[in-house]
Amino acid sequence: MRGPRIRRLYGYNRVVQRLSSIFVLVILLLGCKKNIENKEAVRQGVADHLAKRSDLMKMEVRVDAVQFSGNEADASVFLEAKSGPAAGNGMQMRYKLERQDNKWVVKGKGLSAVSGAPHGASQGAADGMPALPPGHPQ
């Protein structure tokens, strides 16, 4: 008589263990998705993008504004050389980023937020910047 009762309890315990294991797994998977909708995560994505170019590796990246829309972000970023002759000078850039594997990846550049020209290029003295020398490409 004790045998069937023990088998029923064993079967019940096994079902409860499996259900609790599945529940814990679901909770862990839901908890693994990081909230990366912040300026620091966007700054890191832009810095990773710049690190791929040897001529832009020593840039200070400051995210001034960012707008999130699902798995995409549109960021206004100020870039400045950390040292050297260009230190103290910088440029405003716009970047379009995409969320990939819990990090932001640059998928394109937009127009400069300051002058409306790509890469922060000046349009002339009219927008507060000195005009480029004659014959200099825009």
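What does the accessible surface of the protein chain come to, and what share belongs to carbon and sulfur atoms? I get about 10200 Å², with 57% on carbon and sulfur atoms (areas by the Shrake-Rupley method with a 1.4 Å probe; for residues, only the protein chains shown count as cover).

**Ground rules.** I am working on a predicted model, in which local features need pLDDT of at least 70 and side-chain atom pairs count only at pLDDT 80 or more, while totals for chains, interfaces and linings use all residues. Residues are numbered from 1 along each chain as its sequence is written, and side-chain values use heavy atoms, with hydrogens and water left out.

**Elements.** I looked up the make-up of the protein chain and found 2 helices and 4 strands, in the order α-α-β-β-β-β from the N terminus (DSSP runs numbered from the N terminus; helices are H or I of at least four residues, strands E of at least two).

**Strand pairing.** I checked β2 (residues 72–81) against β3 (residues 90–100): they run antiparallel, joined by 9 bridges (two strands pair if DSSP finds at least two bridges between them). Glu-80 has Gly-90 in β3 as its bridge partner. β3 also runs antiparallel to β4 (residues 103–109), through 6 bridges, and there Leu-97 is partnered with Val-106. The β3–β4 hairpin has 2 residues between its strands, and Asp-101 takes a positive phi near 50°.

I find 21% of the 138 residues buried (under 20% relative accessible area; exposed is over 50%, partly exposed in between, with a 1.4 Å probe and protein chains only). Of the contacts with a separation of 6 or more, 34% come from residues 24 or more positions apart (contact: heavy atoms within 4.5 Å).

**Core.** The largest nonpolar core has 17 residues, and Val-46, Leu-50, Val-77, Leu-79, Tyr-95, Leu-97 and Trp-104 have the most contacts inside it (a core is a set of buried Ala, Val, Leu, Ile, Met, Phe, Trp, Tyr and Cys joined through side-chain atoms within 4.5 Å). Two or more residues each come from α2 (39–51), β1 (59–69), β2, β3 and β4. I then listed what Leu-97 touches beyond four places in sequence; among them are Val-42, Val-46, Ala-73 and Trp-104.

**Surface patch.** I noted a nonpolar surface patch of Val-15, Leu-19, Ile-22 and Val-26, with about 360 Å² of accessible area together (patch residues have over 30% relative accessible area and no salt bridge, nonpolar side chains being joined within 5 Å and like charges within 9 Å; a salt bridge is a Lys or Arg side-chain nitrogen within 4 Å of an Asp or Glu carboxyl oxygen). Leu-19 lies in α1 (residues 2–31) and is exposed, at 56% relative accessible area.
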